[in-house]
Amino acid sequence: MSVLLDRRDGVGVITINLPERRNSLTLPMSAQLVEHVRTCEQDENTHAIVVTGAPPAFCAGADLTALGEAQEEGLRAIYAGFLAVAAASLPTVAAVDGPAVGAGLNLALACDVRLVGPKARFDARFLQLGIHPGGGMTWLSQRLVGPQTAAAMTLFGQVLDADEAVRTGLAFRQVDDVVAASVEFCGAAAKAPRDLVVATKRTLRTTATYHRHEDAVETELVAQVASMETPAFAELLSAMRERISRQA
């Protein structure tokens, strides 16, 4: 398979594995991405997802042969992979240490967090290829980095390296070994009760659309009360009380 899935310490690691083509997405590869995301979501032992690409690239975009032959249906099939990541119920981290171009940029943007290595490069490149941006790239980029940086990337062909990605907020942190660091980064989610992780991500998405603090308080209150009624909370609370009593 050109897209691999393995599990490390409660984290599903999805790797686009077509290095000779710089991990360019084909329609079958997009379908494999969808399948792997669903597999992670259905596995109770998987609490988070890391998406990466086999060196030297993260993902160089859609395969130009497939792109050239695509009409609306084909474009939607190409989108399907990164849209599955964007819609994932589990937390997602993009581990980027190479070019993320076009649809590959969209795949990185679709994740909740991006960690970058020194070779990371974020390149929209749609206009240079004579094609309009797609897959929600204009919306995703403006939400993450604001209209000015999004315009610089999309209209003026500016490519962000690792330092610029962190500076502009496109990436959270620069690290040396992006995959290992990303799996470690997922540790808190991997150790927390899975239902709580999923519920918290769902609340983040919900409250992101709110304009009033009061609405967020009410939404969180319902979920917080429900979490306090779970066996997992009772166990964690009991363990915490025991630690406190030993220290007293």
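**Reading pockets, sheets and a core**

Me: How much space lies in the largest pocket?

Reply: The general idea first: rolling a probe the size of a water molecule over the atoms shows where empty space is left. Here, the largest pocket holds about 660 Å³ of space. Keep in mind that this is a predicted model.

Me: Which residues lie closest to the centre of that largest pocket?

Reply: The lining has 26 residues, and those closest to the centre are Asp112, Arg143, Lys201, Leu204 and Arg205. By class, the lining of the largest pocket splits into 16 nonpolar, 5 polar and 5 charged residues.

Me: And which elements give two or more residues to the lining of the largest pocket?

Reply: Look for H3, helix H4 (103-110), helix H5 (137-154) and helix H9 (194-207). H9 gives the most to this lining, with 6 residues.

Me: Now for the second largest pocket: how much space lies in it, and which residues are nearest its centre?

Reply: This one has about 410 Å³ of space. Its lining has 17 residues, and Leu196, Ala199, Thr200, Ala223 and Ser227 lie nearest the centre. At least two lining residues come from each of H9, helix H10 (213-228) and helix H11 (231-247). H9 again gives the most, with 7 residues. As for classes, you'll find 9 nonpolar, 6 polar and 2 charged residues in the lining of the second largest pocket.

Me: Let's turn to sheets. What is the order of the strands in the open sheet of 6 strands?

Reply: In general, strands of a sheet pair through backbone hydrogen bonds, either parallel or antiparallel. In this structure, the sheet of 6 strands is open and runs S1-S2-S3-S4-S6-S9, with mixed pairing. S1 and strand S9 (173-174) are at the edges with a single partner strand each, so one side of each has no neighbour in the sheet.

Me: Do strands S1 and S2 show parallel or antiparallel pairing, and over how many bridges?

Reply: Antiparallel: strand S1 (residues 3-8) and strand S2 (residues 11-16) pair over 6 bridges. You can trace the bridges by partner: Val3 goes with Ile16 in S2, and Leu5 goes with Ile14 in S2. The two strands make a hairpin with 2 residues between them, and Asp9 in the turn has a positive phi of about 55°.

Me: In which sense does S4 pair with S3, and in which sense with strand S6?

Reply: S3 and S4 pair in the parallel sense over 4 bridges, with Thr52 standing opposite Ala95 in S4. S4 also pairs with strand S6 (residues 113-116) in the parallel sense, over 4 bridges. There, Val93 stands opposite Val113 in S6.

Me: Which residues of S4 point one way, and which the other way?

Reply: The general idea is that in a regular strand the side chains alternate between the two faces of the sheet. In S4, Thr92, Ala94 and Val96 point one way, while Val93 and Ala95 point the other way. Since 5 of the 5 residues of S4 are buried, the strand is largely enclosed by the rest of the structure.

Me: What is the order of the open sheet of 3 strands?

Reply: The order is S5-S7-S8, with mixed pairing. Strand S5 (99-101) and strand S8 (160-161) are the edges; each has a single partner strand, so one side of each is left without a neighbour in the sheet. Strand S7 (residues 121-123) and S8 pair in the antiparallel sense over 2 bridges, where Phe122 has Leu160 in S8 as its bridge partner.

Me: How many residues are in the largest nonpolar core, and which have the most contacts inside it?

Reply: As background, in soluble globular proteins, nonpolar side chains tend to be buried together. The largest nonpolar core here has 47 residues, and Phe58, Val96, Leu107, Phe122 and Leu170 have the most contacts inside it. Elements that give two or more residues to this core include S2, helix H1 (27-42), strand S3 (48-53) and H4. H4 gives the most, with 6 residues.

Me: Last one: how many aromatic pairs does the structure hold?

Reply: There are 2 aromatic pairs. In one, the rings of Tyr79 and Phe82 have centres 5.8 Å apart and planes at 45°, so the pair is tilted. Tyr79 and Phe82 sit 3 residues apart in helix H3 (residues 72-86), so about one helical turn separates them. Tyr79 is partly exposed at 22% relative accessibility, whereas Phe82 is buried at 2%.

Technical notes: Residues numbered from 1 in each chain as written. Predicted model: local features only at pLDDT ≥ 70, side-chain atom pairs only at ≥ 80, totals over all residues. Heavy atoms only, no water. Phe/Tyr/Trp six-rings, centres within 6.5 Å; stacked < 30°, edge-to-face > 60°. Buried < 20%, exposed > 50% of the residue type's maximum accessible area, 1.4 Å probe, protein only. Pairing = 2+ DSSP bridges. 1 Å grid on protein atoms, 1.4 Å probe; cavity = no way out; pocket = protein on both sides within 12 Å on 5 of 7 lines; lining within 4 Å. Points joined across faces, edges and corners; volume = space filled by probe spheres on them. Nonpolar A, V, L, I, M, F, W, Y, C, P; charged D, E, K, R; others polar. Core = buried A, V, L, I, M, F, W, Y, C linked by side-chain atoms within 4.5 Å.
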